[in-house]
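Subject: Structure handover

Hello,

Here is the structure for your work. My notes on it come after.

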Amino acid sequence: MDTQPPRVMKEDSKTKEEAGAAVDAELAKAIMARCFHPSTMGPEAWEGYVFSDLEIRIKESTDLYGAVLWPSAMVLCHFLETNRNKHNLTDKNVIELGAGTGLVSIVSSLLGAKVTSTDLPDVLGNLHYNVMRNTRGRCKYIPLVTELIWGPEVGQRFPHATHCFDYILAADVVYSHPYLEELMDTFDYLCQENTQILWAMRFRLDPENSFVDCFRQRFHMEELYDLPSLSIKLYRAWRKDKRTKDQRQAAA
């Protein structure tokens, strides 16, 4: 049996690493190129993005952590727009968790989804402003912007008897905050048998790795993007277990 010399194997490994780095750099460049800044400063500060051939203007609030747009949102939006043949959001029921400034909700609406955009009460004003400003007159469905506190409340806000989502979208919702268990329970409750989760996250500290390990225990996961230059990964996930009829009724 032919075997490659160690030197050849090392060269092959180096070539693959270089190819992977080139793909990463090219994709990251394409994603970040979607952002632009106004040529002149007006009375209101905003950042611009281009998705679905439309200009999107996002107002940030630097005094609120959740009201700042993070690169993970751009990664998820880029994936949604460039993979419409496989993940067609037209007429799909979509919920975004931790919507922040609303970019993912806006792009999903522009792609034809029925969007429910959620976040905490102190972020809701800026979120509502951005979503309505950028979707009014542009979308098939008017997106719903609503408060959602992760954990036990989710069952009251979105009972299974009346709410079933095709997609759960999330960008940068996992970081060193004290509500990771509640977030996990929210994913678990909202993700029904035919629901898909598309989740972009930036790896910073150990809590992110621990959350992914726990997440894998409940959900099947597929890595869609790995962007080391941005420290971001994008996952698709779906639940492992199939709920029985009695379990579905109890959850509702």
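The notes below cover the sheet, the helices and the aromatic contacts.

Please keep in mind that this is a predicted model.

Sheet

Seven strands form an open sheet with mixed pairing, in the order β6-β5-β4-β7-β8-β10-β9. The edge positions are taken by β6 (144-147) and β9 (219-227); each has a single partner strand, so one side of each has no neighbour in the sheet. From one strand to the next, the twist averages 20 degrees. Within the sheet, β4 (residues 93-97) and β7 (residues 167-171) pair in the parallel sense over four bridges, and Val94 stands opposite Tyr167 in β7.

- Helix α4 (residues 121-135) touches β5 (114-119) and β6, and its direction makes about 175 degrees with that of β6.
- Helix α6 (residues 180-190) touches β4, β7, β8 (196-202), β9 and β10 (232-239); the angle between its direction and that of β4 is about 175 degrees.

Helix α2

Helix α2 covers residues 71-82, 12 residues in total, and spans 17 Å from its first C-alpha to its last, close to the expected 16 Å. Of these 12 residues, 11 are buried, so the helix is largely enclosed by the rest of the structure. The buried residues include Met74, Leu76, Phe79 and also His78 and Glu81.

In one of them, Phe36 and Trp46, the ring centres are 5.9 Å apart and the planes stand at 80 degrees, so the pair is edge-to-face. Phe36 belongs to strand β1 (residues 35-36) and Trp46 to the loop between β1 and β2 (47-51), so the pair ties together parts that are 10 residues apart in sequence. Phe36 has 24% relative accessibility and therefore counts as partly exposed, whereas Trp46, with a relative accessible area of 15%, is buried.

For Trp199 and Phe215, the centres are 4.7 Å apart and the planes are at 50 degrees, so this pair is tilted. Trp199 is in strand β8 and Phe215 in helix α7 (residues 206-218), 16 residues apart. Both Trp199 and Phe215 are buried. They also belong to a cluster linked by ring pairs, together with Phe187, Phe211, Phe219 and Tyr235.

Lysines over rings

Lys59 lies over the face of Tyr129, 5.3 Å from the ring centre. Lys233 is placed over the face of Phe203, at 5.6 Å from the ring centre.

Regards

How values were computed: Residues numbered from 1 in each chain as written. Predicted model: local features only at pLDDT ≥ 70, side-chain atom pairs only at ≥ 80, totals over all residues. Heavy atoms only, no water. Helix = DSSP H or I, 4+ residues; strand = E, 2+ residues; numbered from the N terminus. Expected span 1.5 Å × (residues − 1). Buried < 20%, exposed > 50% of the residue type's maximum accessible area, 1.4 Å probe, protein only. Pairing = 2+ DSSP bridges. Axes fitted to C-alpha atoms, helices over the stretch in contact; angles between N-to-C directions. Contact = heavy atoms within 4.5 Å. Phe/Tyr/Trp six-rings, centres within 6.5 Å; stacked < 30°, edge-to-face > 60°. Lys NZ or Arg CZ within 6 Å of the ring centre and 35° of its normal.
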